[in-house]
Every structure is written in structure tokens, then in C-alpha cells.
Amino acid sequence: MKASKFVSYQSKRGMSLITVILITGLIINDPVIAAGQNDSMEVRQEKGQDIMNIVFDRFHINYEMSRLHKMGYYQESVSDSSSLYYLAEGIVEIYIPSNLNQTENAAIYPIKTQKTSYSQIAEDKLLFGNASDMARSSIWRPNSFLNEKNRVDYVFSLAGETKVKGNPVSIVEFEPTDSSHGRVKGRIFIDQEYFGIVKIEYTPLVNHSKVWKEVSWTEEFDFNDGSYELTHVKFLGTTLDDDYHYQAILAMDQLETVSEFPQNLVFMGDDTPLFDQAQEYSDDSFWEGFEHLRHLKPINKLLIADF
């Protein structure tokens with residue numbers, strides 16, 4: 001890297017050059033990998049893989065490894081192309097396992113929840129365990145396409161450049177190597193200075209699903225206190241049998257590390273609707289005592305999923 005860039009990287013991480021080299025196993029030479037307008041697909045794939053190799057090598061530097069405690073805002077809705085059936089939201093406590101633990105989802109404790117039904121909808125049409133799954137990013141989620149054992153199943157291609165929150169990023173598209181390997185395709189937005197993933201947009205391949213016609217996810221990351229953290233997740237899905245649209249959003253704040261999960265909280269199981277005991281919708285009174293979290297709620301109420 002250029003000296004000025006490395007000083008910036010080093011000061012934010014609080015690590016010496018020797019420490020970075022020991023952790024990453026790399027000698028950093030300022031990789032400038034730009035997308036050329038006339039690059040062949042082969043060249044784009046080579047550049048994309050080069051970028052992702054650096055991204056993977058810096059996972060343990062760029063992302064928090066400890067157990068995390070966050071506060072969050074979660075919202076889900078069920079609709080069809082013309083009508084809203086169900087809308088619910090909650091303020092939740094979130095406990096995320098150490099990122100060395102790649103077998104467990106996050107634990108969700110509902111602090112305050114509310115819901116409203118505009119039409120009768122059967123309980124089996126509601127989302128189960130979605131919030132706890134969303135709270136773990138694709139960086140560390142069990143069986144993620146970014147997991148070390150699964151990366152070889154994908155082809156990464158440099159698709160271009162843009163800016164995210166004013167910072168230049170590279171866009172790397174990915175897809176399965178062939179029809180028998182890999183389960184998702186999408187785009188990864190990568191900070192050009194620190195090679196941290198700041199956004200992922202991906203679509204699970206649901207050709208053989210008995211439930212979903214189409215599904216998409218978006219994950220967004222912010223740089224905070226020396227590392228990138230997952231702050232916003234959006235899930236969209238359309239069912240096969242009744243063409244219902246499902247939308248779920250999780251926004252998280254107040255990052256802190258914890259040594260262990262509290263033993264006095266009863267967390268929601270993955271097989272339990274988060275809003276099973278929610279109060280009826282009361283709008284502004286819902287935020288009493290939690291005004292400091294209100295900025296996490298999307299500006300516009302999501303009345304119909306935007307497919």
C-alpha cells in the first residue's frame with residue numbers, strides 16, 4: 001500500500017506493520033485493481049479473484065471476532081401485489097456468537113413488539129427464526145457462500161466501481177462455478193482502501209424450492225471502532241403457492257463485546273414467531289423509552305413489499 005494509506009489503515013486498527021503481516025501472511029504492495037472497459041471476461045474474473053483473495057485474507061482484521069450485544073429494530077410484513085395482510089415491528093436485544101463459532105445463529109430477545117393484521121392470515125404463513133438468522137452476516141454465517149470451504153464453488157468477476165457513502169468501492173459479481181455447485185449469485189461492494197465488504201446483494205437460487213419463487217438479501221456494513229460491523233439487513237421473498245410477498249428488515253446499533261450471553265433472558269427460538277405475544281399496533285407510544293433507537297426505523301413505512 002502507499003505509505004499514506006497504510007498509516008491510515010494502521011492507525012484505525014492500532015496494529016504495527018509486523019502485526020498485520022503476521023496476521024494476514026501477506027506483504028502488502030498497494031494492490032490497485034481497476035475495471036477496464038475493454039477487459040475480457042477472463043481478465044475480469046482474474047481481477048475479481050485477486051480482490052477477493054485480499055478480502056478473505058483480511059476477514060480477521062476487518063471484522064469483530066468477539067461475542068456481541070446489540071440493540072436492534074426489526075420489521076416484517078406479508079402482502080400480495082395489491083394488499084397488505086400483516087405488519088409487525090419490534091425493538092430487540094441481539095446476542096451474536098463469537099465469529100469463531102460458525103454453528104449457531106444469533107439469540108434474539110424481544111423488548112417491545114407490536115403488530116397489526118389487515119386480513120386473516122394463518123400462523124404458518126408467518127416468518128420463523130428470520131431475525132436470528134439475519135443478525136449473523138454472510139461473513140461468518142454457517143454455510144455461507146463466503147465460508148472458506150464454499151468459496152471454491154463460485155466465480156468472482158470484477159464488474160466495475162462506484163461509491164458507497166462517499167467512499168470508492170469495487171463491485172465484484174459472483175455466481176456458481178456450475179449448476180452442481182454453489183447456491184447463490186449476486187454482487188459484493190468492497191472498500192478500495194481497506195478491502196472490507198461494505199455491502200452484499202445476493203439472490204439464493206431457488207429453482208428446486210417447494211416454497212419460494214424468488215428470494216433476495218441485502219447486507220450493509222459500517223466501519224465502527226476499528227472494524228466493520230453488520231448494521232442493516234433486508235430480506236425479500238415471494239412464495240410459489242399463493243404469491244405472497246414477504247419483507248423483513250433488521251437494523252442494529254449500540255455495539256459492545258460481551259464475555260458470555262446472559263442466563264436470565266428467555267430468547268426466541270428459531271421455531272417461534274417473534275411477534276407471537278406482540279401488542280396491537282400503537283405507533284408513537286411504541287417508542288416511549290426507546291427514542292434513541294427510532295433512527296433505525298426506515299423513513300417510510302413499508303406498506304407493500306417493493307418488488
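Buried means under 20% relative accessible area, taken with a 1.4 Å probe and protein chains only.

The model is predicted, so I noted its limits: local features need pLDDT of at least 70, side-chain atom pairs count only at pLDDT 80 or more, and totals for chains, interfaces and linings use all residues. Residues are numbered from 1 along each chain as its sequence is written, and side-chain values use heavy atoms, with hydrogens and water left out.

Next I looked up where S144 sits: in the loop between α5 (130–134) and β4 (154–164). Helices (H or I, at least four residues) and strands (E, at least two) are DSSP runs, numbered from the N terminus.

I then followed the side chain of S144. It reaches the backbone oxygen of S138 at 2.6 Å and the backbone nitrogen of L146 at 3.0 Å. Leaving aside neighbours within four places in sequence, S144 is in contact (heavy atoms within 4.5 Å) with S138 and N150.

I turned to helix α3, residues 41–57. The 17 residues of α3, at 1.5 Å a residue, should span 24 Å, and the end C-alpha atoms are 24 Å apart, which agrees. The expected span is 1.5 Å times one less than the number of residues. Buried residues in α3 include R44, G48 and F56. The cover over the buried residues of α3 includes α4 (59–62) and β5 (167–176).

Last, I took the whole protein. I noted five helices and eleven strands. Buried residues make up 48% of the 307 residues.

Technical notes: A polar contact is a pair of N or O atoms within 3.5 Å; within protein, one must be able to donate a hydrogen and the other to accept it, and residues adjacent in sequence count only if both atoms are side-chain atoms. Buried means under 20% relative accessible area, exposed over 50%, partly exposed in between (1.4 Å probe, protein chains only).
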